[in-house]
Amino acid sequence: MPSISSVYDNLQDHLRRGPGVLPAQPHPSMQVGAIVPHESQFSSRPGVESINMYNLNNKNEYDSTLSLHEPEYLLKENPHHYNSPYAAHWGMSDTDLSAKPDNKMGFAENELDEVRQLNGRPIYPYQYGGSSGSFSDVDMYTHNRDGKFTWSNDALLQKKVTERERGIGQQNHAYLTWFLSFAMVAVFVAELIMASKQTGQAVQTQPSVQPMIGPSSEFLISFGARFVPCMRKVPDLPTTNMLPCLKYSTSKLQSFTKDQLCSLAEICGLPDAEDPNQGYRFVSAIFVHAGFVHIFFNLVVLLTLCCQIEKLVGTPIYAIVFMAGGIGGNLLGGNFGLIGQPSLGASGAVYTCISFELIDLVYNWKFEMNAKTRLFMSVLFTIIGLALGLLPGIDNFSHIGGFCVGILSGMVFAPSIHATRSHMVVIWVYRAIGGGLLIAYFLALVLNFYRSENPVDTCRWCRYLSCLPNFDACKGTGIITTDSQGKPAARSFFL
């Protein structure tokens with residue numbers, strides 16, 4: 001058995017002579033493995049911090065150094081390393097990289113942790129970010145490490161990963177989300193006050209209770225909900241059709257006389273009944289809510305998930321994504337939903353936040369804690385929400401449209417930490433594809449809405465993505481009106 005001093009000198013010489021992995025320069029003390037069951041005389045040697053064991057798999061040259069403190073059968077060899085062109089020089093097992101140099105810090109939890117332990121220079125260049133033996137994917141560890149990209153700069157990569165682990169994004173506060181939430185509450189208060197004045201009830205209880213605990217559907221149309229007959233000419237539902245006037249919309253009446261009915265043009269507030277052009281409803285509908293239940297659930301998501309997204313990407317990008325999601329959801333519903341059902345609320349923008357979060361999770365999969373659990377919960381929540389949207393009373397097109405916009409805008413704007421050059425190239429290809437599809441999405445829906453004689457004709461069955469055909473509320477145009485002669489009219493269905 002050679003002396004401890006001899007073993008140490010042989011090991012240092014072995015580390016210095018290893019070509020191809022580290023730069024050709026002396027390494028005064030490379031610490032390999034750090035299992036410290038007790039203090040050792042090694043701790044007194046300069047440059048060595050209580051190293052008690054060296055595990056080497058190169059048995060031909062260093063049989064005597066296989067273990068100083070542990071029997072040979074406890075050493076775990078990793079044949080995978082022998083496939084590397086660098087294994088002949090280093091020959092180290094996984095156990096060599098599993099412990100941190102300082103026993104006070106515990107053990108490595110993942111590959112990235114191991115990289116940090118070795119000051120950004122892993123012994124095996126393919127152990128992080130690349131495939132086995134693939135030098136092109138991981139040349140960042142052996143060449144220039146002070147570039148402007150995360151894949152070419154150790155310090156920048158570690159900084160980005162640390163910030164992500166700590167939940168640090170582009171900014172510390174979600175100012176825009178707070179402002180939007182406050183604005184929606186203010187609009188809802190004004191909505192209740194005006195509904196009380198114009199219909200006699202802030203919350204409709206007659207002839208039945210409004211399911212979202214809010215004003216009547218006729219009032220919501222007048223207040224700015226998305227309602228296609230107010231926005232363009234609809235062959236199946238002209239603006240001359242009649243609905244109960246606002247002051248009779250909360251009465252117990254089941255049928256109405258001519259003087260109790262108002263035309264759709266009057267309900268919409270159109271100055272010219274022959275020219276319905278209130279395209280602003282694609283935007284105004286985002287800030288109008290159907291009732292207390294509706295605004296409560298939207299505010300919960302806004303003040304949690306949407307706040308997180310704003311802090312992650314910054315207010316300017318978040319503003320684009322949020323408004324694109326709200327408008328995109330209303331565009332999809334305006335094209336293919338039931339034209340006689342008003343739609344309103346920030347649900348489209350809320351679902352944009354949900355799908356944006358999914359893309360962010362996928363882009364940064366390696367650096368997420370509990371990534372699979374988070375992905376499962378997000379997908380489960382999405383499926384449940386879209387399934388509930390098939391019932392009458394919920395505009396599923398806002399959900400679907402907002403979700404689609406969130407996927408595409410996430411592909412464009414979601415941040416990504418690039419561990420390798422190839423990863424950055426792939427992500428930018430996705431960004432280009434997402435940007436093209438996002439532009440195509442809006443362009444196609446806008447053209448179909450304004451240029452088609454009847455937008456619904458493009459996809460007649462699409463209505464069933466929001467309302468199943470076995471419900472009466474999903475048949476026809478989704479609303480029953482009367483003609484100008486004042487024949488009895490039934491209530492409009494609320495959505």
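Is Phe297 buried or exposed? Phe297 counts as exposed, because its relative accessibility is 53%. The cut-offs are under 20% relative accessible area for buried and over 50% for exposed, with partly exposed in between (1.4 Å probe, protein chains only). This is a predicted model, where local features need pLDDT of at least 70, side-chain atom pairs count only at pLDDT 80 or more, and totals for chains, interfaces and linings use all residues. Residues are numbered from 1 along each chain as its sequence is written, and side-chain values use heavy atoms, leaving out hydrogens and water.

Now look at the rings. A pair of aromatic rings is described by the distance of the centres and the angle of the planes. Rings of Phe, Tyr and Trp (its six-membered ring) pair if their centres lie within 6.5 Å; planes under 30 degrees apart are stacked, over 60 edge-to-face, and the rest tilted. The whole structure holds eight aromatic pairs. One of them joins Phe296 and Phe297: the centres are 5.4 Å apart and the planes stand at 75 degrees, so the pair is edge-to-face. Tyr318 and Phe322 have centres 5.7 Å apart and planes at 45 degrees, so this pair is tilted. Both Tyr318 and Phe322 are buried.

Next, find Asp395. This residue is in the loop between α13 (371-388) and α14 (396-413). Helices here are DSSP runs (H or I, at least four residues), numbered from the N terminus. Asp395 is buried, because its relative accessible area is 8%. Its side chain makes polar contacts with the side chains of Arg226, at 3.0 Å, and Ser398, at 2.8 Å. A polar contact is a pair of N or O atoms within 3.5 Å; within protein, one must be able to donate a hydrogen and the other to accept it, and residues adjacent in sequence count only if both atoms are side-chain atoms.

Note on methods
Helices (H or I, at least four residues) and strands (E, at least two) are DSSP runs, numbered from the N terminus.
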